[in-house]
Amino acid sequence: ANLSKLITGKPLQVATPDDITVEPGLNLSHRATQGSEQVQKLLGVSQNSASDLDTLKTSLVFSLSMSVVYLVVFCFLYKWQPMVYMNNTLSNNAPQPRESWFGLFLKLEQVQESAGLDAAMLVEFCNLGMKISACLGIPFVLLLCPTYKVLGAQWASIHCTESSTNVTSVVYPLESISISVLPSCRTTWFSWFLSGLVWLVVVAVQRLLRGAQEDFVKRREKWLKARPKPESTTIMVTNIPPQHCSDVELKEYFDRLFPHGAIERVYVVKELHVLEKLMREFDEVEQELYEAHHSWELCDFDPSRRPMRETLTSGNAKPVDKIEECKQLLATLIRRIQAEQEWIESADHGTQHAICGSTAFVTFKVLRDSEMAQWLRLEKDGDLFTMEYPPPVSDVRYADLLRKPFERKVLHILGYSMIFAVFLAFFPLIGIMSSTVNLQSLHKIHLVDKMLMDMPWLEPILEGVFATLVLSLFMAFLPTVLHLIIFKTFTLKAEAQSQLYLQQWYYWFQVIFVLLVTAVGTSMWTSIGDILNSPQSLIFTLADHLPSTSNFYMNYVILQWAMSILNMLRYVNLFKFFAWKAIVNEDRAKMKSEPEDADYYGIGSRGARLTLILATGMVFCIISPLILVFVFLYFFINRLVYGYLMVFAETKKPDLGGSFWMMQLKHVHLSIPIFVVTMSGCLWNNRSTFIGPGLFTLMSLGRWLWEYSRFLDVIWETLSFRAVVETDEQVEAGEPGTAPRDFYAQDELKRKLQLPDILRKEQI
C-alpha cells in the first residue's frame with residue numbers, strides 16, 4: 001500500500017475477501033519482488049496503473065511544450081550568434097541551413113562530405129530507427145491494439161459471467177491495448193499467433209540490419225579508397241624490439257624487407273618531456289598576450305592605457321608593459337623550442353635509443369605495399385612487429401603509445417575495476433538522488449508548496465516529469481564518469497577510440513539499469529545467482545517485470561524528445577563562447593569554445609542513447625505496440641537534431657570510417673534476444689511444461705544466431721586486395737587522388753611557431 005501510494009500518489013484500495021480485485025495478465029505477475037519494489041521506489045519506475053493515461057498525457061504536453069520553447073529559443077540564438085550556430089556555413093564548409101530545413105532533408109552524401117562518414121552513419125541510424133519502428137509499428141498498432149481491446153473485453157465479460165464470487169475485473173486504460181489484458185488460459189490460439197509475430201519481428205529486423213550493413217560496406221570501401229595520404233599508405237607498428245627502436249634502424253629494417261624504395265618515411269614515437277613543457281609555456285604566454293591585447297583593444301588602443309603589470313626588480317615594484325613582456329617571452333621560447341627540435345632531429349644513435357618508444361609509423365609509397373605488409377609475419381615471434389591501420393594523423397594519442405606493456409596491463413585492470421565499481425555504486429547513488437529530487441521534497445519548500453496548492457493542475461505535470469527525472473539525471477552524468485575512466489586508464493591509439501569504448505560500456509549500462517532494471521533488482525549478483533541455479537527463471541523474470549512497466553518506458557521515450565531538441569541550443573558552447581569573449585577577441589573565443597564536451601555530446605554516447613531507444617521499442621513492440629509511435633517520432637526528431645548539429649554547427653571530428661555505426665548494429669542484434677526471451681515467458685501457457693508457443697518463440701533464437709554469425713563474418717575494416725590494386729592503378733593512370741597533406745610525427749616536432757597575428761599586424 002505504501003509503495004502504491006509512493007508510485008501513483010494515490011492510496012491502494014484493499015479489497016475484502018468477498019470483493020476481490022483481479023488484474024488479468026498473460027502469464028504476468030503484477031506483484032513485484034522485494035528487490036524490484038526497492039528499485040521502483042528509487043528510480044520512480046512505476047508499474048502500470050489506472051493513472052498512466054493521465055501521466056502519458058501530461059508527459060506529452062510537457063515534452064511537446066518544452067520542445068516548442070527550445071525551438072523558439074534556437075531560432076533567436078541562431079540569428080543572434082551565427083558564429084556558434086552556423087560557423088561551418090560562414091566558413092564555406094557547409095550549405096545554407098534553410099535550404100535543407102536545417103539538415104532534415106540533407107542527403108547522406110552531403111552529410112559525409114561536410115562532417116565525415118561517422119557523422120553520416122549516425123544520421124543514417126536515425127533513418128534506420130524510423131524504418132524499423134514504422135515497419136513494426138504500422139501493422140502492430142493497427143492490428144494488435146484493436147485485437148487486444150476486443151479480446152480483453154470478451155475475456156472480462158466471460159470471466160464475470162462464469163465467476164461464482166463477486167469479482168471485479170480491473171483493466172487500466174493503456175493496458176487495454178497491450179498484452180497485459182489477456183490471460184493465457186483463454187487465448188491459446190492467440191498465443192500461437194503472437195509467437196509467429198515474434199518470428200516475424202526477428203526475421204524482419206535482422207533483414208533490415210543486413211541491408212543496412214551491406215549499404216554501409218559499399219560506403220566504407222569508397223571511404224577507404226579515398227583516404228588521404230599518408231593515412232592510406234601508413235601502417236602503425238607496435239612491439240618493436242629494442243635494437244630497432246630508432247628512425248634510422250627501423251627504416252633500414254623495412255628497406256631490407258621491402259626493397260626498391262618502397263618505404264617513404266619511418267617515424268618512431270619519442271619521449272619529448274622538455275619540448276612538451278616548452279610548448280605548454282608558449283601556449284600559456286600566448287593566451288596571456290591575447291587577453292592583454294583584447295583589454296587594450298577595449299580602450300581603443302590608447303597608447304596611454306596599454307595594459308601594465310608590476311614586477312619586482314631589486315626589491316622594488318616596477319610597472320612593465322604586459323604586451324611587450326609577452327612578446328619578449330614568446331620570442332625567447334620560440335628560439336628554445338626550435339633549438340630543441342633541431343637537437344632531437346639530429347640526435348645521435350645513443351640519444352635516439354634513449355628517447356624512442358616501441359611504436360612507430362611506417363609510410364609506404366603505394367597503397368598495395370602497405371596493405372600487404374599488414375598481413376605479414378615479420379619475425380618467428382608473433383608478438384613482435386604487430387601491424388595495424390593507423391588512426392588519423394591529427395588524432396593520435398602519442399602519450400599512450402609510449403606506455404610500457406606492463407603499465408598498459410596495470411592501467412587496464414584499474415580501468416575495468418573502476419567501471420565495475422560504478423556498476424556497484426549505481427543503487428546507493430540513485431538512493432541518495434531520489435531522496436532529494438522528488439515531489440515530496442518540493443512540498444517542503446513553503447513557496448513551492450503554496451504555488452502547487454494554488455495551481456493543482458501543475459502537480460500531475462511534475463509527477464510525470466519526476467517519474468523519470470532521477471534516472472535521466474544519473475544517465476546524463478554517467479558518460480562523464482565513464483569517459484574519464486576510459487581516458488585515464490585505457491591505452492588508446494586515438495582520441496576517437498575513447499568514444500568507441502564509451503559507446504560500448506554506456507549502452508550496456510543503460511540496458512541493465514534502464515531497460516532491465518526491474519528484473520535485475522537491487523542486487524545484480526543475486527539475480528545472476530538465481531539464473532545460474534535455475535536458467536529458466538530468466539525467462540519468467542523478464543516476463544513478470546517488463547510488461548508490467550511498459551507505460552513507464554513510453555513516458556521515458558516521450559521525455560527524450562525535449563532532451564534531444566535541447567541539444568540544438570548548444571548552451572554549454574554558448575556560455576563558453578561568452579566567457580572567452582570577455583577576455584579575448586571573437587575568433588579566438590570561438591576556437592576556445594569548441595569542440596563540445598566529448599563525454600555526453602560525443603558520438604559514442606549519442607550512439608548509445610539512440611540504440612537504447614530502438615532496443616526499448618523492439619522489446620515492447622508486441623507487449624505494447626503504441627510505444628513504436630513514440631520511438632518513430634524520437635528518431636525523426638534526432639534526424640533533424642544531428643543533421644543540423646554535425647553539418648552546420650559543430651567542428652568536424654576525426655573520422656573512424658563507420659566504426660560507431662557497426663557497434664550500433666551489433667548492439668541492436670544483441671538486443672533481439674532480450675525481446676525473444678521476454679515474449680517467450682509471456683507466451684508460456686503452463687510453466688510446468690515446455691511444449692507450447694513459449695518454446696516455439698524461444699526457437700527463434702536459432703534464426704537470430706545464424707543471422708548474427710553472418711553479420712560478424714562480413715569483412716568491413718579493410719579493403720579487399722582487388723580494391724587495393726584498382727586504387728593503385730587509378731593513381732598510376734594519373735586519375736586525381738588525395739595529395740599528402742601531413743605526416744605522422746608528434747605535434748611538438750611538426751609545429752612551426754611564430755609570433756601571433758596580432759603582433760605581426762602591429763609591426764606592420
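**Rings, charges and a sheet**

Reply: Phe-578 is partly exposed, at a relative accessible area of 29%. Partly exposed lies between buried (under 20%) and exposed (over 50%), with a 1.4 Å probe and protein chains only. This is a predicted model: local features need pLDDT of at least 70, side-chain atom pairs count only at pLDDT 80 or more, and totals for chains, interfaces and linings use all residues. Residues are numbered from 1 along each chain as its sequence is written, and side-chain values use heavy atoms, leaving out hydrogens and water.

Me: How many aromatic pairs are there in the whole structure?

Reply: The search finds 42. Rings of Phe, Tyr and Trp (its six-membered ring) pair if their centres lie within 6.5 Å; planes under 30 degrees apart are stacked, over 60 edge-to-face, the rest tilted. Trp-80 and Phe-578 make a tilted pair, 5.3 Å centre to centre with 35° between the planes.

Me: Which parts does that pair tie together?

Reply: Trp-80 is in helix 3 (residues 52–80) and Phe-578 in helix 24 (residues 571–581), so the pair links parts 498 residues apart in sequence. Helices here are DSSP runs (H or I, at least four residues), strands too (E, at least two), numbered from the N terminus. Trp-80 is partly exposed, at 44% relative accessibility.

Me: And Tyr-253 with Phe-254, what kind of pair is that?

Reply: Edge-to-face: 5.7 Å centre to centre, 80° between the planes. Tyr-253 is buried at 5%, and Phe-254 is buried at 0%.

Me: Switching to charges. Which ring does the charged end of Arg-588 sit over?

Reply: That of Tyr-290, 4.1 Å from its centre. The criterion is NZ of Lys or CZ of Arg within 6 Å of the ring centre and within 35 degrees of the ring normal. Lys-750 likewise has its charged end over the ring of Phe-743, 5.5 Å from the centre.

Me: Now the sheet. What is the strand order?

Reply: The order is 4-7-3-8, in an open, antiparallel sheet of four strands. Strands pair if DSSP finds at least two bridges between them. Strand 4 (263–270) and strand 8 (386–388) are at the edges with a single partner strand each, so one side of each has no neighbour in the sheet.

Me: How many bridges join strand 4 to strand 7?

Reply: Six, with strand 7 covering residues 356–364. Arg-265 stands opposite Thr-363 in strand 7.

Me: Which strands does helix 9 touch?

Reply: Helix 9 (residues 247–257) packs on the sheet and touches strand 3 (234–238), strand 4, strand 7 and strand 8. Contact means heavy atoms within 4.5 Å.

Definitions and conventions:
Axes fitted to C-alpha atoms, helices over the stretch in contact; angles between N-to-C directions.
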